[in-house]
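I opened my notebook today to look at strands: how they pair, and how the chain gets from one to the next. Here is what I looked up, in order.

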Amino acid sequence: MSYLDSHRLVIVSNRLPIQIKKQNGKTTIMRGSGGLITALEPVLRQQHGHWIGWPGTYESIDIEDKLANVSEQTGFTMQPVHLTEEEFQNFYYGFSNEIIWPLFHDLQTRCNFIPVYWKAYLSVNEKFAQTIIEHTTENDFIWIHDYHLMNTATQLRKAGLSNRLAFFLHIPFPSVDIFTKLPWREKILKDLLQFELIGFQTRKDKRNFLSSVKALVPEAKVIAKGSIAKIIYKTHEIKVGNFPISIDFKAFEEAAKKSIIVDEPWYLNNTQIGAKTILGLDRLDYTKGIPEKMKGFRNALYRYPELRKKISLVQLVIPSRSGVSEYKELKAEIEQLVSEINGEFAEPEWIPIHYHYRSLDRNNLYAFYRSSEIALITPLRDGMNLVSKEYCACNINKDGVLILSEFAGAASKLKYDALIVNPYDIEGIADTIYQAFIMEQGEVERRMKNLRKKIRKHNIYRWLNSFIDASLSNH
Ligand code: GDG
């Protein structure tokens, strides 16, 4: 019998895995998107757990009832944390996304270290803590997720909660030199040290965190032996590990096998006869390296003229954080590049870049994954990058090549069979596109087989179990 058979799993994250839309006075609840949701949803459904988070609306009337109505479909229950617009602006767009997000992705020059944001961060974390206290029991396994909620454990302990508390960071943890730029650096570290288990995506993230603790909290004792490190802080013992997140491999594979998917990649087959598809799928975000990828693609068309009319880049960009001016500028930059490249190279029967800016229907997504000969994924920095794993899971014919940035967490496990690129090296991306294009079928198949085997084994359920085991063990 596993621990979770007798303990309810409670996940806490900034957003609930839903989107509430109001149209003509009617409220509809739809599935949310993003890596955290893709990974955690199957886990919580399997465990019939409970999810606490902001519901995506400032309205608080009847939300509880509406969420209760969909719990049969989701397979788990949900508890909203109500926030005002001002709170959300300063906590989410402000502290989380103008400070922590760029800093933790090594882009410190994009940070706005505004003190008001910090105050909002603390008060919203306190609100989350209050909701957790009101809606959990001592028998729950409380697992808090991501950079928005690093202060919650401090608030929970202050309020006297004695449950075991675990935390997982979905984004990278930066090197000590970069982390030290944060004005609230010691405070954040000491907040994290209130958890019993802290999980990171990669060994490098874990190492960076331990180095920051050593440098900035000298009274803490760090014992970094074995796969799970230990920190003694005051009388408290904290375990620190790396747990590379993954996907429900089988579910993606099964979805890609459905007959509806086979017929799906409709217009490419009709208009791009003879051209191979390079797939790009990214949330609109400056960390995802979308302009860099396009420049690499353009360079490939310049330097390898034989690729013209033989490859097309299908770049799907999923709208994200659309209220932020930096994201609007990024969108404009991408669209400028698409039009320049298409303007320069297009022929009547061939368009170099097919660009979509919208959310995708799941079946379209599976169809693109299954049918694209190459996936080009070039983040400047990424905690893991699930798109790379989904592409392999859906590539059931084993005829696809994965090109992956060395700065994605996923590269640490997939680097032996993916083609690895430095996203800042435009010519390197171009050369790698060419290498993928001319790769012999035997090699394509061998590499994809290995990638699929690895992801099938290291799937999301294994991730869950290794995290829970680490939390319970007495290392
Ligand atoms: C964060 C970290 C880490 C894409 N388009 C649609 C859609 N998607 C789904 C994909 C995939 C997810 O969004 C994107 O996941 P990533 O992992 O690539 O990136 P982030 O959203 O930045 O995720 C990341 C992850 O957390 C998990 O820890 O890997 O490093 O940044 O699953 O399939 N989903 C829907 N419609 C779309 O149009 N529903």
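First a cut-off I need below: a residue counts as buried when its relative accessible area is under 20%. I also remind myself that this is a predicted model.

Entry one, strand β13. I looked up residues 311-318 and found the strand mostly covered, with 8 of its 8 residues buried. Then I checked which way the side chains go. Ile311, Leu313, Gln315 and Val317 point one way from β13, while Ser312, Val314, Leu316 and Ile318 point the other way. Both sets are buried, Gln315 and Ser312 included.

Entry two, the neighbours of β13. I asked which strands pair with β13. Strand β12 (residues 276-283) runs parallel to β13, joined by 8 bridges; there, arginine 283 has isoleucine 318 as its bridge partner. Strand β14 (residues 353-357) is also parallel to β13, through 5 bridges, and valine 317 stands opposite tyrosine 357.

I followed the chain from β12 through helix α13 (residues 290-303) to β13 and noted a right-handed β-α-β unit. From β13, helix α14 (residues 325-345) carries the chain to β14, and this crossover is right-handed.

I traced 9 strands in the order β5-β4-β1-β6-β7-β8-β11-β10-β9, with mixed pairing. At the edges sit β5 (77-80) and β9 (221-223), each pairing on one side only. The twist averages 20° from one strand to the next. Within this sheet I picked out β1 (residues 8-15) and β6 (residues 140-145), a parallel pair with 5 bridges, where valine 12 has isoleucine 144 as its partner in β6.

Methods
Residues are numbered from 1 along each chain as its sequence is written. This is a predicted model: local features need pLDDT of at least 70, side-chain atom pairs count only at pLDDT 80 or more; totals for chains, interfaces and linings use all residues. Side-chain values use heavy atoms; hydrogens and water are left out. Two strands pair if DSSP finds at least two bridges between them. Helices (H or I, at least four residues) and strands (E, at least two) are DSSP runs, numbered from the N terminus. Axes are lines fitted to C-alpha atoms, for helices over the stretch in contact, and angles run from 0 to 180 degrees between N-to-C directions. Buried means under 20% relative accessible area, exposed over 50%, partly exposed in between (1.4 Å probe, protein chains only). A crossover is right-handed if, with the strands pointing away from the viewer, the path from the first strand over the helix to the second runs clockwise.
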